[in-house]
Amino acid sequence: MAGFLLWRLAGMAAILGASSVLVFGALQLAPGDPATFLLSGRSATPEAIAAIRAQYRLDDPLPVQYLHWIGGVLTGDFGRSVQFRTDVGGLIASRAPITLTLIAMAFALTMILGVALGVWSATRPGAVDKAVLVGSSVAVATPSFVLGFVLIALFSVKLGWFPSIGAGEGLADRLHHLALPAVALALTFAGVLSRVSRTAMIDQLGQEYVTVARGRGVPEPTIVRRHVLRGAMTVTLTYGGLLVPGLLVSTVLVETAFGVNGLGQLLQYSVTVKDFPVVQALTLLTVAVFVLANLVVDLLAPLADPRVRLGAVS
Amino acid sequence: MLEIDELAVRLPRTARPAIDHISLTVAANETVGLVGESGSGKSLTARAVLGLLPKDAQISGEIRMDGADVLTMSPAGLRRHRTHSAAMIYQDPRAALSPFRRIGDFLAEILREEIGAKAARSRAVELLELVGLSEPERRVRQYPHELSGGMLQRVVIAAALAGEPRLLLADEPTTALDVTTQAEIIGLLRDLRARMRTGMLFITHDLELAATICDRVYVMYAGRIVETGLTRRLFAEPRHPYTSGLLAATPRVSALGTLPPAIPGRPPDLLSAPPGCRFAPRCPHVMDSCTAAAPPLVDGVACVKAEL
């Protein structure tokens, strides 16, 4: 167990290190100069431009720039935001709770909807199954920001049940504000998960032990709960866990559509204005979430399937 | 106790019934063998007794358990039948148990709602003791992958006994096990039968094995019963060529190094329906009249020659 964890942590560090090089290099390749944004169209003296370039170390050789940046990251200093003139770490920390709440809500919705639809469609072949399949295809094919606009038009503008913009203050108000964005975010993923859990459940329904349970007089709802759902859990948990990074990335679209000032909107805006310290930090954070989600899924695997032992494969 | 009367089962998209008008009985405290090659319809017969036939199968005839027809039972009646009247012991114990659940949960499953979770748990331990599994207290907390095949088959037998059924359906209970474990399981079944006084339908492809445990034997071929009788009689003087063929095909230690004569050919699959006697294409004594009409089961044998 300890060996497994150490091995995985070393792997995570290697992945994050390699990604940091890629993230840093990619932003250097992108066109545009942060100094131009900082001056925002005003004519500036060459001295002023030089001062800014010196402040952000834009004239150092690239490897030196990278080492300076990564050295800061390792000590928790992500640099200063070009647009907000504040510490990037603080900026992310102030917006993270909103996005975390949004992702948590969307994740819960995805799991509940996805598994429920999967059960429904696997246990009722025919009309119900077909309807769920069509519904999930539409959900998968609809981009979340399009869905966002539809939800706003229906539930905010027409019915007035939910606010159309902002993240709200306090817990109840926040949940109220984030409800529509969470639905917009979750539906696509729930559509995918319902397909996956449907297949896993149909596989379970064909297992001999399900027939055996039936032959022993176990009531059908118990069979679905304790045998089919339990057996499909390995698949749904693994798949569900791996959806979390996808949810984080999709917040860029949904937070923009709903005017929610979380990390997604921050990333979208920072890319537009070439606020490279913020973009670098957020991209690296996304990679970290991806790697962590994988680790959590692997750590949970023995709980879902008693035959799995940690470290047996690696 | 169990009476199967002219049962016929036809699966969708097949040319002939998988079970073709068979009748058999099992009395209380009697062990009856159902013997035949794979695909002869033996396992399907056992599943039919539990009401486990596929929904799209065409079914005729009756399966009466203490007079009540299994095929027309209400869902509640069928559940009571499956928990307390008849229980099955399966061929592959590893496939019969969910790998995700503890042994104790599997055993207690049908007892929980009847006697409560706590009583069901202690009953699970008792059941494991009954089938001679060591350390039952520890076993109930283990998962199937932590037990050997023979131990798991004991668990499956214990589960079958959970509802104190009057009829045990043993579907090739030793086929997936190695030889020494086979002997242990057969010994256990004999012992339990004597103690619990349950009837048993013992399904196997192994005629010798059937001889060691059964009072009477039915020999099944391609969905039909071709011969039946007391075990001793059937062994001493088989009357159907298929029965003789099966007996001759059994390897014997007295004839080491020589392969026993196999029955040439293979049983017909469900997509072909040979006319008349289904065994005719493989029969060494085949005559013209064999393929004209299926010989009825008269006096314990279904063969044109036996009638002469």
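Trainee: Why does B:Arg233 count as partly exposed?

Mentor: This is a predicted model, and in it B:Arg233 has 14 C-beta neighbours inside 10 Å. A residue is buried with 20 or more such neighbours and exposed with 12 or fewer. B:Arg233 has 14, so the residue counts as partly exposed.

Trainee: Where is B:Arg233 found?

Mentor: B:Arg233 sits in helix α11 of chain B, which runs over residues 231-236. B:Arg216 is 17 residues away from B:Arg233 along the chain, and their C-alpha atoms are separated by 9.2 Å.

Trainee: What is chain B built from, and how much of it is buried?

Mentor: Chain B has 13 helices and ten strands. Buried residues make up 44% of its 308 residues. Take the contacts in chain B between residues at least 6 apart in sequence: 63% of these join residues at least 24 apart.

Trainee: Which residues touch the most other members of the largest nonpolar core?

Mentor: They are B:Ala158, B:Leu169 and B:Leu201, in a core of 101 residues. Helix α8 of chain B, residues 149-161, gives the largest share of this core, nine residues.

Trainee: What makes B:Leu107 a contact of B:Ala158?

Mentor: Two residues are in contact if their C-beta atoms lie within 7 Å. B:Leu107 is in contact with B:Ala158, and so are B:Leu127, B:Leu128, B:Leu130 and B:Val131, leaving aside neighbours within four places in sequence.

Trainee: What makes the buried residues of α9(A) lie on the same side?

Mentor: The buried residues are A:Tyr209, A:Val212, A:Ala213 and A:Gly215. They cover an arc of only 160° around the axis, which puts them on the same side of α9(A). These residues pack against α10 of chain A together with α2 (75-85), β6 (86-89) and α3 (93-96) of chain B. Just after α9(A), A:Gly217 takes a positive phi of about 80°.

Trainee: How many residues does each chain give to the contact between A and B?

Mentor: Chain A gives 16 residues and chain B gives 21. On the side of chain A, the elements that give two or more residues are α9 (208-215) and α10 (220-258). The largest share of that side, six residues, comes from α9(A). By class, the side of chain A has five nonpolar, five polar and six charged residues.

Trainee: Which residues of helix α11 of chain A are buried?

Mentor: In this helix, residues 263-272, they are A:Leu263, A:Gly264, A:Gln265, A:Leu266, A:Leu267 and A:Ser270. What covers them includes α5 (88-123), α10 and α12 (276-304) of chain A. A:Lys274 follows α11(A), with a positive phi near 60°.

Trainee: What does UniProt list for residues 96-297 of chain A?

Mentor: The unreviewed UniProt entry lists "domain: ABC transmembrane type-1" there. Over this span the chain is 85% helix and 0% strand. For residues 2-247 of chain B, an unreviewed UniProt entry gives "domain: ABC transporter". That span of chain B is 41% helix and 24% strand, and its end C-alpha atoms lie 28 Å apart.

Definitions and conventions
Residues numbered from 1 in each chain as written. Chains lettered and ligands numbered in written order. Predicted model: local features only at pLDDT ≥ 70, side-chain atom pairs only at ≥ 80, totals over all residues. Helix = DSSP H or I, 4+ residues; strand = E, 2+ residues; numbered from the N terminus. Nonpolar A, V, L, I, M, F, W, Y, C, P; charged D, E, K, R; others polar. UniProt positions renumbered as here; feature names shortened; annotations may be inferred. Core = buried A, V, L, I, M, F, W, Y, C linked by C-beta atoms within 7 Å. Arc of directions from axis to C-beta.
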